[in-house]
Amino acid sequence: MPDFHQPLELRRYPLPVEIEPGAALVKVEMAGICGTDVHLWKGQLQIPRPIILGHETVGVITRIGGGSKTDWTGASLLEGDRVTWGAGMLCGHCYHCAVIRQPTRCLNRSAYGISFNSDDPPHFSGGYAEYIYLRPGTAIFKLSDVSDETVTGAGCALVTAIHGLERMGISWGDKVVIQGSGPVGLAALAVAKSSGASMIIVIGGPAARLELAQTFGADYTINIDEITDSAKRLSQLKELAGGYGADAVIECVGAPSVVPEGFEMCRDGGKYLVLGHYGDAGVAPINPHVITRKQLTVYGSWASEPRHMAAALEFLRKQGERFPFDRLVTHRFSLDRANEALQTTAQWVSGKSVIVP
Ligand SMILES: [Zn+2]
Ligand SMILES: [Zn+2]
C-alpha cells in the first residue's frame, strides 16, 4: 500500500542475505484479508507507508537463522515446515507487559502488516507478499494437521474473540447476542457456543452469512436487511430471549451506531463487549443513563497474545469440523490482484478473501 486510499501496487525488494538467530524467512502460501486492513487502508489508524499489509498468514520456512530452533510451544522447527505466527510482538518488560499485565497494550508492541515501513530492511513484514521475514521474538507455530483455509478462515478474528470472551467471561447457560455476522461475529459465536452459552442470537447479514452462522450453531438469526428498524429488532430479540434481554451482547460490527442499540439488548445487570472497533470509525451518541439504569458492565479488548493463538490452533484441531472456518474462505486472488481482494472485503462481497501468491 503506497498510501491511504491509494490502490495497492506490486513492488520488488531484495530478499535478506543473512537470517538472524531466531528469525526465519517464510514463503507465503496464503494471506487473509482482514476487515482491519480496510480500516488501515482508509487511514483509521496511523501506520507507516508504504507498507505491506497482511497479518493473517500461513507459509513454509525456506531459511531459518541459527540458535535454538523451536516454535512457541517448544516443537522443533526446520526448513520446509508449514507455519503461522502471532502478528503482534510484545516486549515483556514495559509497564503494560510486566506491571499491570495488559501485554496486548505493550508500549513497544509492533505487528506484521501494521507497524513496518516496507522501504526499510528487511522489507518483508506483511502477508501480502511472496515472502515474509519473521524477526527474532516472533511467536511461530508449526502447523501439521490444520489446513491453510482453516487457519486463514479463522484468521485474527478467532484470536480476537478468544481474548475478548476471556476478558468478559461467558457463564454456562448464558443467552448471548452477537451483533455482526462477519468473521469476528462467527468467531465470537464459535467461542461463546463452546463456552456453554444456551442460546445465541446473531444479528447481521447478508443471508449467506447468516446461514453460515446457523451452521456454526446460532439458535436464531435476525437479518438487518429484512428488519431495518432498530426498535423492531429490539422487540424481536427480547421476545426470543425470554422478555428481558440478553445476559451478554458482543459487538462485532465496527459501526459506532450499533453500540447504543446493543446496550438496549442487554438485560439489567448484563454485560457488553466491544470487539469490532479496531479501527477508529468515529463516534456514536450514547446515553450513559442506560449504563447506570441497567447496571451494565462494558468491556473492551485489544488484539491478542501468543497464548490465544496457541489456544485457537488447538481449538481448530479439535473442533474444526463443528466450526468449519475453512468455509469462510470464499474468494481467492493472486498477488497482482491484491487490490481487488481488498475491495471485495471493503464491499462485504466475500465471506473472506485470501491472497494465494
Ligand atoms: Zn485482523
Ligand atoms: Zn511491553
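Which residues have the most contacts inside the largest nonpolar core? The structure examined here is a predicted model, in which local features need pLDDT of at least 70, side-chain atom pairs count only at pLDDT 80 or more, and totals for chains, interfaces and linings use all residues. Residues are numbered from 1 along each chain as its sequence is written, ligands are numbered from 1 in the order in which they are written, and side-chain values use heavy atoms, with hydrogens and water left out.

The largest nonpolar core has 47 residues, and those with the most contacts inside it are Leu-158, Val-176, Ile-178, Leu-189, Phe-216, Ile-250 and Phe-325. Such a core is a set of buried Ala, Val, Leu, Ile, Met, Phe, Trp, Tyr and Cys residues joined through side-chain atoms within 4.5 Å; buried means under 20% relative accessible area, exposed over 50%, and partly exposed in between (1.4 Å probe, protein chains only). Two or more residues come from each of α3, β8 (175-179), α4 (183-194), β9 (199-204), α5 (207-215), β11 (246-251) and α9 (306-319). Helix α3 gives the most, with ten residues. Helices (H or I, at least four residues) and strands (E, at least two) are DSSP runs, numbered from the N terminus. A second, separate core of 36 residues includes Phe-4, Trp-41, Ile-51 and Ala-111.

Leaving aside neighbours within four places in sequence, Phe-325 is in contact (heavy atoms within 4.5 Å) with residues including Leu-158, Leu-186, Phe-216 and Phe-315.

Attention now turns to the metal. The zinc ion (ligand 1) is coordinated by Cys-34 (SG), His-55 (NE2) and Cys-156 (SG), at 2.0 to 2.2 Å. Donors are N, O and S atoms within 2.8 Å of the metal (3.2 Å for Na, K and Ca); water is not among the atoms, so the site may look incomplete. The spacing of the donor residues in sequence is C-x20-H-x100-C. His-55 lies in the loop between α1 (35-41) and β2 (57-64) and Cys-156 in helix α3 (residues 148-168), so this pair ties together parts that are 101 residues apart in sequence. His-55 counts as buried because its relative accessibility is 12%, and Cys-156 is likewise buried, at 18%.

Gly-66 is found in the loop between β2 and β3 (82-85), and its relative accessibility of 33% makes this residue partly exposed. Beyond its neighbours within four places in sequence, Gly-66 is in contact with Ile-19, Glu-20, Pro-21 and Gly-22. The C-alpha atoms of Gly-66 and Ala-24 are separated by 9.4 Å, with the two residues 42 apart along the chain.
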